[in-house]
Amino acid sequence: MTRSTLRWVIPSLLSAALLAPAAIAYACVAVMAIKTDVSTVEPGGTVNVFGADFASDEPVELRLDSLDGPLLATIPPPESTMTSKFNVPVTIPADVEPGEHVILANQVYHHMNSGAPARAAIFVGTEAPAAAVPAVRAASVEMGPGSSWPVLLLVGLAVAAAALLLAALVNRRSPAERRSDGPPPA
């Protein structure tokens, strides 16, 4: 590579390195999720499980209480990622002991959500406990004005100035290097 090429390649790469964290933060991955239509079911009863945002090309397994627990259902691979949704009736085994249990949805696909299963709590043969109600509820929520446009403008200018300073430091040449370039064109 010639020096003139390096003069713009290195600052460009450094600028891209500065912007990469923002791009990575923007490109977030949806978290796969499941929920049930009821919170309580009798042993041997059926509950509908709704799921969303699973990876494509891999089936989804629904299991009870653990990843190696009883297999409740296998959902065919979703057709597309991030828009995948399913609604499947699931029968809870008749021999399940009463109490709180967890339905787990998992895929053997480790490039999305780190292979972490989605969970939904279900109460078998017992009522779900009543939700705790706070003693005092806020009558209203006050929201601050947030960042004003001058603050955002200053932050943007500061980032741009830092990138230019970094590019100038990388592109800095010694006087001997400048003399070796020859006379300026006429």
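Me: Where is H101 placed, and what makes H101 buried?
Reply: In this predicted model, H101 sits in strand β7, residues 99-106. The relative accessible area of H101 is 11%. Buried means under 20%, so H101 is called buried.

Me: What makes the pair H101 and D65 a polar contact?
Reply: The side chains of H101 and D65 are joined at 2.7 Å. A polar contact has to be within 3.5 Å, and the pair is therefore counted as one. A polar atom of the H101 side chain also lies 2.7 Å from the backbone oxygen of E97.

Me: Which residues does H101 touch, leaving aside those up to four places away in sequence?
Reply: H101 touches L64, D65, V96, A120, A121, I122 and V124.

Me: How do you know that β4 is largely enclosed by the rest of the structure?
Reply: Strand β4 covers residues 60-64. Four of its five residues are buried, so β4 is described as largely enclosed.

Me: What makes β4 and β5 a pair of strands?
Reply: Four bridges join β4 to β5, residues 71-75, and the two run antiparallel. Pairing needs at least two bridges, so β4 and β5 pair. Within this pairing, L62 has A73 as its bridge partner. The hairpin of β4 and β5 has six residues between the strands, and D65 takes a positive phi near 75 degrees there.

Me: How do you know that β4 pairs with β7?
Reply: Four bridges join β4 to β7, in an antiparallel arrangement. At least two are required, so β4 and β7 count as paired. L64 stands opposite I103 of β7.

Me: Why is the contact of E61 with R63 called a salt bridge?
Reply: The closest N and O atoms of E61 and R63 are 3.1 Å apart. The cut-off is within 4 Å, so the pair qualifies. The structure holds one salt bridge.

Me: What makes β1 and β6 edge strands?
Reply: Three strands form an open sheet in the order β1-β3-β6, with antiparallel pairing. β1 (33-36) and β6 (85-91) each pair on one side only. The twist averages 25 degrees from one strand to the next.

Me: How do you know that β1 pairs with β3?
Reply: Four bridges join β1 to β3, residues 46-52. The requirement is at least two, so the two strands pair. T36 stands opposite V49 in β3.

Technical notes: Residues numbered from 1 in each chain as written. Predicted model: local features only at pLDDT ≥ 70, side-chain atom pairs only at ≥ 80, totals over all residues. Heavy atoms only, no water. Salt bridge = Lys/Arg side-chain N within 4 Å of Asp/Glu carboxyl O. Axes fitted to C-alpha atoms, helices over the stretch in contact; angles between N-to-C directions. Buried < 20%, exposed > 50% of the residue type's maximum accessible area, 1.4 Å probe, protein only. Polar contact = N/O pair within 3.5 Å; in protein donor to acceptor, adjacent residues only side chain to side chain. Contact = heavy atoms within 4.5 Å.
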